Amino acid sequence: MKKKQRGSNLQDSKENSTEKLYRLQHYMALCGVASRRASEVIIADGRVEVNDEKVLNPAVKVTLKDKVFVDGKQIFPEETKRYILLNKPAGYVCTSSDEKGRPIAADLLKSTYSERLYNVGRLDMFSSGLIIFTNDGEFARTLSHPSAELEKEYIVEASTSMPRYLASEFEKGVRIDNVFYKCQSCRELNSRKMRIVLIEGKNREIRKVYEHFNTNIKSLDRVRIGSVSKENLESGKFRELTQSEVKSLLKLCKKNETDNLEEY
């Protein structure tokens, strides 16, 4: 029998229920599937069913009694919130699966954690360094929101000596293919090495700026996210963030959000 598509017109009985209601994408975030925004994409792709009915509308509301499936597997709200800091080695991709068979960063955590964990932000395959994994959708949403303006610090080493003006131009801002790239700060450590701090972090931003100045990158390593630094975390290793570190990251995001509102 063909499964029916669930819509908002089927929500009337739920609205009068005493059960707590959750928007579907919020429920998926509570279950550690993905952030709310990413969950909306999963729903739109037709990968979600509620009580054996396919759902395409993220605004559909569910209760804890509903049976929600993603890719045929039932999901449940996570009892324990996880906040994991991984020092990703170069060569790993930040995706849930890879059709090319490349190593996946999240797989480094599977021997320790049974929960479904997803990355907050990304590093490209050839970059190394810090990346946060979590099953807390609200935490991921807060850190990923543009208003958070969370600093990310990188140590970048070029394969040859860099143009002396690269740092100052990157700080002033560079327009490449109609996209404006501007770092928070950029400081030379030596003729080939630079310390760069980004706030927004557009896709492959540092690599595109270096390419613009005809400079090849030998290594790109993220050493800090907000108030959390790499310290002695070896490549390929991970640890849980402390509660104080989680609170500190959220506090930075809230402060930046407040500062942005005060500008208007």
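I began with β11, which is joined to strand β16 (residues 217-225) by seven bridges, the two running antiparallel; I take helices (H or I, at least four residues) and strands (E, at least two) as DSSP runs numbered from the N terminus, and I call two strands paired if DSSP finds at least two bridges between them. The model is predicted, so I kept local features to pLDDT of at least 70 and side-chain atom pairs to pLDDT 80 or more, while totals for chains, interfaces and linings use all residues. My numbering starts from 1 along each chain as its sequence is written, and side-chain values use heavy atoms, with hydrogens and water left out.

Six of the seven residues of β11 are buried, where buried means under 20% relative accessible area, exposed over 50% and partly exposed in between (1.4 Å probe, protein chains only).

Next I turned to the nonpolar cores, each a set of buried Ala, Val, Leu, Ile, Met, Phe, Trp, Tyr and Cys residues joined through side-chain atoms within 4.5 Å. The largest has 30 residues, and F133, F170, M194, I196, I206 and Y210 have the most contacts inside it. Among the elements that each supply at least two residues of this core are β11 (152-158), β15 (193-198) and α6 (205-212). A second, separate core has 18 residues, including Y83, L130, A148 and L233. Beyond its neighbours within four places in sequence, M194 is in contact (heavy atoms within 4.5 Å) with residues including Y154, I155, V156, C186 and Y210.

For S39, I noted a place in helix α3 (residues 36-44), and S39 counts as buried because its relative accessibility is 0%. Neighbours within four places in sequence aside, S39 is in contact with Q25, M28, A29 and A34. The C-alpha atoms of S39 and M28 lie 6.5 Å apart, although the two residues are 11 residues apart along the chain. The side chain of S39 also reaches the backbone oxygen of A34 at 3.4 Å.

My search of the whole structure found zero disulfides. C183 counts as buried because its relative accessibility is 2%, and C253 is buried, with a relative accessible area of 2%.

Notes:
Polar contact = N/O pair within 3.5 Å; in protein donor to acceptor, adjacent residues only side chain to side chain. Disulfide = S-S within 2.5 Å.
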